[in-house]
Amino acid sequence: MVGLNEIINLIPRITQKDKALIEKAYFFAKRAHEGQRRKSGEPYFVHVFETSKNLAMIRMDVETVVAGLLHDVLEDTNTTEEKLQREFGEEIVTLVNGVTKLGKVKYHGQARHVESLRKFFIAMTDDIRILIIKLTDRLHNAETLQYILPEKRKRIALETIEIHARLADRIGMGKLKGKLEDAAFPFAYPEESATVEKLSVEKSTSNQKELTYVTDTLRKELINQKVHIVEISHRAKHKYSLWCKLKRYEMDINKIYDIVALRVIVDDVTECYRVLGIVHSIWKPLPGRVKDYIANPKPNGYQSLHTTIFTGNGGTVEIQIRTPEMHAEAAYGIASHFIYKEVIKKGRKDVYNKKSLAWVNQLKELKEIVNQPKEFIEDLKRDIFSDRIFIFTPKGDVIDLPEESCVIDFAYAVHSDIGDHAQSSKINGKIAPLHTKLKNQDIIEVVVNKKANPSSKWLQSIKTAAAKKHIQGYLKKHSLLAKFRSFAKF
Ligand code: MN
């Protein structure tokens with residue numbers, strides 16, 4: 001049975017108040033989901049518990065951890081929003097509501113909707129924490145896919161890879177991205193997954209000896225040179241990302257150098273470069289494989305030094321060198337900023353206690369980082385969608401359109417035939433004229449009649465180039481015919 005302390009223990013220096021809040025949410029969710037079961041036969045509560053635990057594990061703030069426990073009570077139980085508001089307040093209700101809204105969109109396997117869906121997720125996310133809760137919610141669902149019906153399973157697995165993992169990557173949460181992909185991979189692409197599994201088992205057993213040798217040698221030399229090692233360890237590449245790379249290298253596993261990589265974590269940037277120097281003084285680097293992502297971070301913010309060395313025994317090993325901050329950022333991306341937020345909220349004393357004036361600067365730096373999540377999400381929105389609205393078909397597919405678009409734009413975006421023969425429409429179930437301007441999240445049903453045709457009046461209401469092209473095309477053809485007919489009368 002799952003226990004409350006499993007969550008509590010994940011939060012360092014938790015206050016009594018926060019502890020009480022988590023406890024309250026824990027029992028509230030347990031009661032609300034009483035009697036409900038998952039497809040696996042487990043109590044439903046296990047799902048919200050695991051979601052919340054994952055959020056605590058990536059060090060999200062207490063409000064997010066609490067919202068994780070409560071994230072399904074509005075959708076799946078008879079708990080009302082008012083009640084939730086009374087018990088837990090505005091902030092938590094906003095988070096739970098946001099997650100509930102995101103749950104309404106579905107991926108129907110049409111590739112052309114994928115980009116819209118991704119954009120939609122970002123558009124709906126006023127608070128980055130909502131997206132992070134949704135991603136951890138999906139992680140637990142993906143990890144329990146074996147209990148889902150086979151025909152549903154594949155859709156959910158593909159959706160997880162195409163939408164959720166991509167979004168996790170977008171906000172720099174590499175660890176979550178890898179977990180989402182690896183949970184979905186066997187169900188989305190069973191054969192490919194089995195192939196990769198086999199290849200990587202063979203490869204990693206042959207790599208083990210080399211790896212142990214390189215780790216031991218490097219550790220000794222670093223200690224000799226008085227480098228303080230925070231951590232030295234190795235990780236296997238995630239299976240799905242290995243498959244993506246294999247496809248780019250004609251499925252030749254010998255061309256892939258980072259199936260297993262050695263990771264060295266040291267105190268600061270200067271030490272990182274020193275370690276790189278030491279590595280190259282012991283082993284010869286492969287030409288073209290030295291990468292400085294500290295000076296030139298990857299677009300998602302990833303920082304590290306990479307090099308691949310010849311071990312001298314016929315093999316090669318990739319070594320990644322970084323600081324603890326870079327490591328946290330690579331694993332948790334935007335969420336790593338909440339770790340710092342926690343430091344400020346709860347660890348103020350620690351900062352004050354440092355007997356130097358350095359804390360003033362530290363605090364300033366931390367504040368800058370803390371302020372980032374909001375700006376970050378704004379930038380992200382500006383970057384990938386500007387002035388777009390997201391409209392649903394009755395089946396739940398998402399179509400993204402420019403602001404001020406009307407039903408006619410929507411009809412043409414779905415299919416030119418639907419646009420050409422649109423007769424009337426229903427917006428959110430109510431009859432509305434075709435020139436009605438659409439609002440974000442409207443659900444539109446277009447009524448089609450083979451005898452209905454585009455009108456020149458439509459040109460005054462439409463916003464999209466696609467609608468314009470089709471309407472003008474029709475009118476041109478039509479007026480030529482009219483001219484021809486009137487000419488034929490003579
Ligand atoms: Mn859920």
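**Ground rules.** This is a predicted model, where local features need pLDDT of at least 70, side-chain atom pairs count only at pLDDT 80 or more, and totals for chains, interfaces and linings use all residues. Residues are numbered from 1 along each chain as its sequence is written, and side-chain values use heavy atoms, with hydrogens and water left out.

**Confidence.** I checked pLDDT, the predictor's confidence in each residue from 0 to 100. The chain averages 82, and 81% of the residues score at least 70. Residues 339-373 fall below 50, and that stretch has 38 contacts in the model beyond near neighbours in sequence (contact means heavy atoms within 4.5 Å).

**Metal site.** Which residues coordinate the manganese ion? I found H47 (NE2), H71 (NE2), D72 (OD) and D137 (OD), at 2.2 to 2.4 Å. Donors here are N, O and S atoms within 2.8 Å of the metal (3.2 Å for Na, K and Ca); water is not among the atoms, so sites may look incomplete. D72 sits in the loop between helix 4 (62-70) and helix 5 (73-76) and D137 in helix 9 (residues 128-143), so the pair ties together parts 65 residues apart in sequence. Helices (H or I, at least four residues) are DSSP runs, numbered from the N terminus. I noted that both D72 and D137 are buried, meaning under 20% relative accessible area (1.4 Å probe, protein chains only).

**Helices.** I counted six buried residues among the eight of helix 19 (residues 407-414), including F410 and Y412. Helix 11 (residues 174-188) has buried residues too, among them L176 and F185, and their cover includes helix 9 and helix 12 (190-224).

Notes:
Helices (H or I, at least four residues) and strands (E, at least two) are DSSP runs, numbered from the N terminus. Buried means under 20% relative accessible area, exposed over 50%, partly exposed in between (1.4 Å probe, protein chains only).
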